[in-house]
Amino acid sequence: MDKLKKKIKKNIDTNNNSDNDNKIVLAEEIFPDKLIIIPMFNRPLFPGMMIPLIISGKEIVKAIEEATKGNNKLIGTVLAKEQDVENRDISNLELYEYGTIAKIHKINQFEENAIQILIQGIKRFKKVNEIEQEPIKKWKVEYFEDIADENSEELKAYTLEIISSVKELLKLNSLFHEQLRMLMSNISSEKPGKVLDLIASMTTAESEQLQELIETVNLLNRAKKLLIILKKEIEVSILQDKIKKSIDEKISQQQKKFFLHEQLKLIKKELGLEKDDKSAEIEKFENRIKKIKLSEEAEKVVTDELNKLKLLEQGSSEYHIVRTYLDWITELPWGIFSKDQLNIQKAKKILDKTHYGLNDIKERILEFISTAKKRGKLSGSIICLVGPPGVGKTSIGKSIADALNRKFFRFSVGGMRDEAEIKGHRRTYIGAMPGKIIQSLKKIQTTNPVIMIDEIDKIGASFHGDPASALLEVLDPEQNRDFLDHYLDIRYDLSNILFITTANQLDTIPPALIDRMEIMHLSGYILEEKLQIAKKFLLPEQINEHGLNKNDISLSDKTIKFIIDKYAREAGIRNLEKQLKKIMRKTTFMHAEGKIKPATITLKNIEKYLGKPIFSDEELYNKGIPGVTLGLAWTSMGGATLYIEASGSKSKTGGFKQTGQLGKVMLESSEIAYSYIKAKLCKNDSEKVCFFDENFIHLHVPAGATPKDGPSAGITMALALYSLVMNKPVRNDIAMTGEITLTGKVLPIGGVKEKTLAARRVGIFEIILPKDNKRDFDLLPDHLKKGMIVNYVDYFDDVLKVIYNKNNI
């Protein structure tokens with residue numbers, strides 16, 4: 001202990017601070033005890049290091065300039081705890097308590113209220129207290145020297161290890177290569193404090209770790225901490241070097257492959273084994289041109305474009321535009337036809353195999369093929385299949401293609417709003433391409449395919465153009481032989497294509513478009529037809545799709561009829577198919593649970609598979625209710641039945657209103673019916689005139705949530721009003737349709753087939769039709785007319801005879 005005291009005394013006499021771990025020796029006679037404090041950001045200043053700083057702020061600049069007037073030119077630098085460089089309000093910054101006194105070597109004016117100074121760190125200090133805070137910080141400080149045992153072999157060992165680590169780091173990281181090399185040439189293990197500070201200042205450690213080195217007085221402890229930092233730097237550098245080598249290796253491999261490929265191409269080119277990309281493209285187009293029969297116009301355009309391609313550089317944007325254009329033209333099936341199959345018996349067999357019923361449609365298609373056989377070619381024909389969803393319009397189109405041995409292509413125009421979808425974009429646009437018609441020809445590679453344009457009644461229009469108008473040229477046999485696509489800008493003959501369009505209704509199709517097509521109506525299926533379709537097509541198909549066998553499921557005709565009547569009463573078969581899928585899924589689920597017993601679906605357990613029936617009996621009313629009649633209506637989903645109700649309530653002034661979301665046409669029909677019945681009863685039965693004067697009449701068409709419109713409910717409404725006023729109920733085993741005039745004349749209507757189907761579906765076999773619709777009913781298939789009693793009427797009085805004479809009312 002005495003020996004240690006003597007050493008401390010000796011060190012004090014020689015102005016060196018060397019004490020136990022945290023012994024502080026004052027040096028006021030050399031350095032001032034009050035310093036202006038400059039905050040440091042990101043990294044602290046180490047003793048021995050010289051750095052430039054930019055100082056801004058009127059007050060602090062003034063204070064520094066005052067400090068430089070003396071002989072010392074000293075300031076204090078302390079690391080800020082807040083590293084937000086945008087926030088430089090010195091008076092509010094929170095600083096660490098340890099810092100480094102620095103000497104100002106040079107000062108330059110940077111800009112107004114800002115200076116640039118060059119400072120060098122000298123010695124560590126610690127804050128005693130704060131003398132001033134605003135406008136600048138000024139601290140009272142005390143200084144300390146590095147503490148180390150001069151004979152410490154451990155410190156020397158650490159210093160040598162640190163120097164060795166720096167040398168290793170030099171080999172790995174070139175970031176501070178030159179700085180560290182100069183540093184290594186000027187240091188030695190004889191001055192450990194200087195060595196540690198200089199090395200610490202060159203590392204990329206975090207600011208908190210570097211500040212910890214500033215605060216560590218004991219050299220041995222400082223050396224330990226610095227060595228840990230260096231080892232981490234070495235690990236990071238090794239990983240960085242590994243990543244760099246991996247990337248360099250990949251790049252070098254890619255470059256090697258690239259150069260080898262280029263050399264190989266040159267060798268093959270010299271030997272005549274291979275051509276360059278441009279020559280290969282040109283040769284490809286020339287070979288294609290030889291295989292097709294271009295029109296005179298197309299041949300001229302292709303020749304010009306091919307010559308242009310030869311002159312263009314591959315890197316130019318126009319080269320790719322021309323190449324794509326030539327690619328489209330030469331990919332089209334110019335002069336390529338598939339051989340038509342015009343065998344009537346074979347066509348009939350194909351149609352019967354894929355569709356049950358629809359005899360009238362099949363007959364018209366066969367007539368169509370017969371005419372083509374007689375002429376020797378099938379061209380200039382556009383068929384429009386109109387009917388409710390699920391009746392097989394799309395599948396019939398495919399069957400027609402099969403019967404003719406032609407390729408089939410289908411696309412939908414539902415919701416289409418841009419005419420460029422039909423006629424293509426002009427080549428001046430980026431991403432331009434031909435329209436759907438040309439695209440389909442390129443895909444199927446024949447000039448005489450069957451092209452189906454689906455949902456033509458749902459085509460739209462916008463500021464981009466009207467696609468329906470664009471279709472006028474496509475679907476006109478007189479115009480489509482010179483069809484001009486905007487992209488190709490060459491006329492292409494579409495007259496050999498058989499176009500088939502589909503629609504649910506004709507109302508939304510422009511008249512000019514309807515005029516260009518041959519309309520074929522698919523009205524839907526009756527219960528017996530659906531039964532046969534389910535047995536022959538749907539049931540075997542669903543059993544196969546769900547991985548079942550015939551013996552795994554049992555469905556009697558009676559059960560299938562019940563499913564059709566209570567769960568799938570619409571005109572098509574799509575919903576029936578969905579119900580059968582439900583049964584199949586339930587069966588496969590039972591098999592998955594281990595119940596492998598065959599599933600037998602009966603009327604008793606059908607609800608277990610399909611739930612409660614969706615449809616109820618149409619007989620909503622019992623006999624004996626005046627003012628209720630049953631009408632027949634046409635919808636886009638097929639035919640339907642609807643009741644019309646009329647009621648009266650006492651009123652001083654009378655009146656008439658209608659409910660049930662009626663359209664304008666039905667509202668007019670109701671007004672005509674009201675006026676006619678009022679006039680008729682006023683004329684023929686004076687006692688009943690007061691009923692209209694003293695009762696408010698309300699006419700309602702259930703269901704109120706469904707919009708309704710059409711010119712075929714006149715006689716039904718008139719009969720409901722007549723029944724109400726006369727207090728005579730209408731028979732509930734008869735349905736009717738027909739429009740009425742103010743004179744009682746019954747006008748013809750449309751949709752006779754759909755309405756007949758609707759009546760049969762609900763078990764009504766007696767109907768009233770306008771006299772002028774007799775020929776429409778006579779044209780119906782025999783299986784639809786079988787069992788039907790049809791009453792043809794010319795005036796409303798004929799309706800009254802049919803309704804009341806038979807019941808002796």
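**Figure 1. Helix 11 and helix 13 are roughly antiparallel to each other.** In this predicted model, local features need pLDDT of at least 70, side-chain atom pairs count only at pLDDT 80 or more, and totals for chains, interfaces and linings use all residues. Residues are numbered from 1 along each chain as its sequence is written, and side-chain values use heavy atoms, with hydrogens and water left out. The axes of helix 11 (residues 344–354) and helix 13 (residues 393–404) cross at roughly 150 degrees and come within 9 Å. Angles over 145 degrees count as roughly antiparallel; they run from 0 to 180 degrees between N-to-C directions, and axes are lines fitted to C-alpha atoms, for helices over the stretch in contact. Helices are DSSP runs (H or I) of at least four residues, strands (E) of at least two. On the helix 11 side, Ala347, Ile350, Leu351 and Thr354 make the contact, and on the helix 13 side Ser399, Asp402 and Ala403 (contact: heavy atoms within 4.5 Å). These residues comprise four nonpolar, two polar and one charged.

**Figure 2. Tyr325 and Tyr487 form an edge-to-face aromatic pair.** The ring centres are 5.9 Å apart, with 65 degrees between the planes. Rings of Phe, Tyr and Trp (its six-membered ring) pair if their centres lie within 6.5 Å; planes under 30 degrees apart count as stacked, over 60 as edge-to-face and the rest as tilted. Tyr325 belongs to helix 10 (residues 317–331) and Tyr487 to the loop between strand 10 (483–484) and strand 11 (491–492), so the pair ties together parts that are 162 residues apart in sequence. Tyr325 is buried, at a relative accessible area of 1%, and Tyr487 is buried at 3%. Buried denotes under 20% relative accessible area (1.4 Å probe, protein chains only).

**Figure 3. Tyr722 and Phe796 pair edge-to-face.** Their centres lie 6.4 Å apart and their planes are at 70 degrees. The pair links distant parts of the chain, 74 residues apart: Tyr722 is in helix 24 (residues 714–726) and Phe796 in helix 28 (residues 796–805). Both Tyr722 and Phe796 are buried. Tyr676, Tyr722, Phe796 and Tyr804 form one aromatic cluster.

**Figure 4. Helix 24 packs against helix 28 at an angle of about 60 degrees.** The two axes are 11 Å apart. Ile715, Ala718, Leu719, Tyr722 and Ser723 of helix 24 meet Phe796, Val799, Leu800, Ile803 and Tyr804 of helix 28. The contact has nine nonpolar, one polar and no charged residues.

Notes
Angles under 35 degrees count as roughly parallel, over 145 as roughly antiparallel, 65 to 115 as roughly perpendicular and the rest as oblique. Ala, Val, Leu, Ile, Met, Phe, Trp, Tyr, Cys and Pro count as nonpolar, Asp, Glu, Lys and Arg as charged, and the others, Gly among them, as polar. Buried means under 20% relative accessible area, exposed over 50%, partly exposed in between (1.4 Å probe, protein chains only).
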